[in-house]
Number of protein chains: 2
Amino acid sequence: MPLQTPLLAKAANQARGLAIDAVHACSSGHLGLPLGAAEIGAVLYGHALVHNPEHPRWLNRDRFVLSAGHGSMFLYAWLHLSGYDIPLDEVKKFRALHSITPGHPEFRETPGVEATTGPLGQGVGNAVGMAVAGQMAAARFNTPEHTVFDYHVVCLAGDGCMQEGVAMEAVAFAGHQKLDNLILIYDSNDVTLDAMAVKTQSENAAARFKAIGWDVQTIDGHDMAVFLKAFNKAKKATSGKPQLIIAKTQIARGIPEVAGTAKGHGEGGAKFADSARAGLGLPADQHFFVSDDVRAYFADHLKRLLRHYKKWEKTFEAWRTANPDKAALLDSAKNAPNASALLAKIPAFPADAKLATRAAGRDVLQPVAAELPLLIGGSADLYGSTLNLIAADKDFDPSNRGGRNIRFGIREHGMAAIANGIAYDGLFRPSVATFLVFADYSRPPMRLAALSDLPVVYIYTHDSIGVGEDGPTHQPVETVSALRVIPNMDVIRPADPEETAGAFAAALERTDGPTLLALTRQALPMLNDIPVQTRREGVLKGGYVAKQETAALTHILIATGSELQIALAAAKTLGAGVRVVSLPSFQRFDQQSPEYRESVLPASCRKRVAVEAGVPDLWYKYVGLEGKVVGIARFGLSAPGPVVFKELGITAEAVVAAAQSL
Amino acid sequence: MPLQTPLLAKAANQARGLAIDAVHACSSGHLGLPLGAAEIGAVLYGHALVHNPEHPRWLNRDRFVLSAGHGSMFLYAWLHLSGYDIPLDEVKKFRALHSITPGHPEFRETPGVEATTGPLGQGVGNAVGMAVAGQMAAARFNTPEHTVFDYHVVCLAGDGCMQEGVAMEAVAFAGHQKLDNLILIYDSNDVTLDAMAVKTQSENAAARFKAIGWDVQTIDGHDMAVFLKAFNKAKKATSGKPQLIIAKTQIARGIPEVAGTAKGHGEGGAKFADSARAGLGLPADQHFFVSDDVRAYFADHLKRLLRHYKKWEKTFEAWRTANPDKAALLDSAKNAPNASALLAKIPAFPADAKLATRAAGRDVLQPVAAELPLLIGGSADLYGSTLNLIAADKDFDPSNRGGRNIRFGIREHGMAAIANGIAYDGLFRPSVATFLVFADYSRPPMRLAALSDLPVVYIYTHDSIGVGEDGPTHQPVETVSALRVIPNMDVIRPADPEETAGAFAAALERTDGPTLLALTRQALPMLNDIPVQTRREGVLKGGYVAKQETAALTHILIATGSELQIALAAAKTLGAGVRVVSLPSFQRFDQQSPEYRESVLPASCRKRVAVEAGVPDLWYKYVGLEGKVVGIARFGLSAPGPVVFKELGITAEAVVAAAQSL
């Protein structure tokens, strides 16, 4: 069908009206993008996007990511008009408590919202991740006879997103990886929140993107026919490159008093709502107005979309019948792995093994990856150190879209944002790796993974001063604690190879949020005094009794990771009344029943010492004001690992002394 | 003097030998860059850099930043040869405990090391900050008669640095700001740690930099004459643009077995030390070898440098005499501001004021900025929200290098790395601003500021669920706690305008590390029941008794920021035996004497309730196992701020209930 320009222009103005009325009603929010990109929205949702509002998670839908998440009313208006289950009443409750129209788009809260966005640049990374997932899905599931995956990922980003390093990392990766199923629309309105963009940027964006391997078109973002032409050209491009459309727009178009200026960015224009509404041809007495012809148009368009969907469904069913193995693989994406079943596939380590938990992770990963074919991994140029290569598989690259190992480059922030995109998509299970100290580089998307319940696994190694000679820049001392305080982030720091097996199983059985595995650089002994089963399953509970006292309980020593061996050694000196608790995951332990927690850490015993090669502060939660923490309240040191441990006092002697001082 | 190519080629090979021997001796470290960039080092340190090894902090030295900090032996070798106070014995103790040659360069540990580097990309941001400082210094201090500042900032970065988002943000800023005193040398060796760089990058770096406003030269990094020509051209460029030199090099040149491959990156080549040494013309029996002619050359070169320095010193003295005001301003950089003196300049707020602590910060900043003319500020496109504009001054931009307000764009990571650069330089006192939740974006350089004792001030606003409608993506709940665990990071969350005055004074009197000010979006009442002086000076101590009990002590309520009013309200309900403690800074409080801490939080009182609109975990350090925390163990909600406070239970009623349950 040809583009219905007059009708869609009307729809664009009514979408503007919805944004103005919603922002006016709650006196907050951002008008700039919903008004400036209204024609783009009209073309995408009224014509060009292939999706199914009645089945928002349809496998082969075009994904649309609003990276400039502050323009959330853009999404809510167009999703509402398109027929997603977002009643007008919810649009009216924009930014109100428990509405499905929160201030920034939140994944799982609103049908049709593909990603939680708002922190700038993240959505660009998410879109790159979805494009990766799309390429992976096509490679695995399409056959010469049946194409079940051929969707595009469309991302709308503003100047703010484009200035962010995370977006720059992600687009560099996309250019290198030739993700030609990705269309990035740059809402280029020359305005940022504070001022005209000329105050902070002067780059030639088209030249920059061409230099990193993208095709670029620059167009008038208010001319719907021109935009559609560019969009279709991008969709059909055969260059093998990702596609950038620089859409020159006027921010807040529709409110002449603020349009084209920084004042148009936020809610400032709402005070001109009445005159703006009149200028847009909207009735003065009817807020949140949608005309009957616009409703009718979108109802018809929905029918067209459903017809397309039905056609795909037929192909899909034929594909299922013809390819039962592939269909089973696809279906397996829905099944959460069972930790016990995974553990059964992981051979026990030799009792005389002595290896770093990162090396144990490598050994654990191989049978787990065999069991979970949709598990994929990646590393930020550190495979040789993080050891998380899926050895039986190849790299994901333009010549091998079926590969399960992604070389992200030295782009930790982009890597984690891309992993979120893969997780939002939901078909593949992403795991990514770098040095633990660089968790700081990837922290913004890690927070969003926790907020959005994304089951991303972070295999972050070199987890303490055990890093040694690389020194304080590379020795995490506060990093583990700083990650533990992120709600819904499960941080697991296993103490030996068997606990590492438990940690991987715990991470992979999780479906409602991310898990970080903090693994050592240095070799650790097997803690054979604890039964294998106890070590493995103890991790699933977050904490467990690693050494039971053999006399009346006098002290409890608590440790994680490489310090559990120190606590066990100290216990031998301290005597029979000492219990040692392994506490690899605070989050998991805190979720156990009060009875279980009491059985591990009885309230009656207050002579408690925690030992961890990190900052002590968070540990008082478990040792209280009467207890002591043997920790490191400073940055580390450059010297061989064992020397640093000694120099900073993380020793069995220090634990003994602390316990005896209580 | 013409370039002494044969001698410097010899020096380059001996520098290679120092790196090989040092890495071999400790069996760790990175050979790739010291060997691959040896000719670059020879030209810079043996000929081109204007510096003074006998006075490493000379004001007008060229700054050299090794962004690829893992190549630290590059620095140590050339600094040693140049005559810095780095004896050969220290080079031999590379990466050993308490040597001045740690695994990665650490500021303050080693003369001639301008910045702590290693986390990739940071040094590029630091160099941009130093270039900003250079422009600012020239604008303020040079006169038509006397040029005292005309140094260049030279940064050496590898592929890893160039892939990092922080570097991309910084170079975009540098291009926009036309920092033509900045020379970035890209050690382009086509290799990263894991693999050949072609596996992860395929950009046209020259085109990318041209697109963002840089001049670019591409040269052979092993041809010393060619490199010097490019370097001189960059120094003399009149385009007004920052200068990129893409130096094509062979990684690990000198060890044929690994040169030009990923194996050359780390310490792997050290096992070929003997044959490499022979190939480089180094004696087999003498490790850490430097020939007499090379020593003699550098001794002569040092004399040339000292002559140049003496000339400058004469100019400087003449300038001092002619410009006593400017000289006094320059000298003032050395004086740490006194908190009491600063507080005396800040008028008391009206007792009936009701304003957000960010707005109080705006009011506090103005007299403080008047008092401290070398204090500069910036915001990541949020001046309208962070309110930290120095109102009496203008923007720093290419047409006004004297401006004190820096518009960083939406580049939080770059901003904080640039702030570190300004702080390393040491003349100006940097403060930067964004929303607190985006501290995660700038966390890597914040960590480095703490590690390197840099007195950067972070004015981060919108500090809790009080953000309201913007929702959980914009509401920090874990952020304050996650920052508190960084060693040497002082986090201050003031409770009202007077505590805000104290917080600014505390931040600015600090010279040995960074301070973060967590300020509210929402208006807060004046807490007039506490004397103004108590509120202001209480902050300097980190914590103080905000309300003394008037009967035998039964409970202690502890709060920070916007929740202090809640604790005070709860105390009224709970009765006369209740004490309220304001604890705006854990770090400062923990540094007080045991007596003072006991006077505020007497050990005998264990009925303690902490209240803070954030995750509770860290608070057990003060309330112990018997106490309670009224906090938020989840992400926030999109709704008006007061609604969110109520919905998430941060209320006086909840505090009362918690206290009564003890």
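This tour visits an annotated site and then a sheet.

You are looking at a predicted model, where local features need pLDDT of at least 70, side-chain atom pairs count only at pLDDT 80 or more, and totals for chains, interfaces and linings use all residues. Residues are numbered from 1 along each chain as its sequence is written, chains are lettered from A and ligands numbered from 1 in the order in which they are written, and side-chain values use heavy atoms, leaving out hydrogens and water.

**Stop one: the annotated site.** Select Glu412(A), where an unreviewed UniProt entry places the feature "active site"; such positions are in the numbering used here, feature names are shortened, and annotations may be inferred rather than shown by experiment. Glu412(A) belongs to helix 17 (residues 412-425) of chain A; helices here are DSSP runs of H or I with at least four residues, strands are E runs of at least two, and both are numbered from the N terminus. With a relative accessible area of 4%, Glu412(A) is buried (under 20%, with exposed over 50% and partly exposed in between; 1.4 Å probe, protein chains only). Now show the contacts of Glu412(A) (heavy atoms within 4.5 Å): leaving aside neighbours within four places in sequence, they include Glu169(A), Tyr441(A) and, from the other chain letter, Glu164(B).

**Stop two: the sheet.** Move to chain B and colour its open sheet of five strands, ordered 1-2-3-5-4 with parallel pairing (two strands pair if DSSP finds at least two bridges between them). Its edges are strand 1 (63-66) and strand 4 (215-220) of chain B, each pairing on one side only. Zoom in on Leu66(B), which stands opposite Leu156(B) in strand 2 of chain B.
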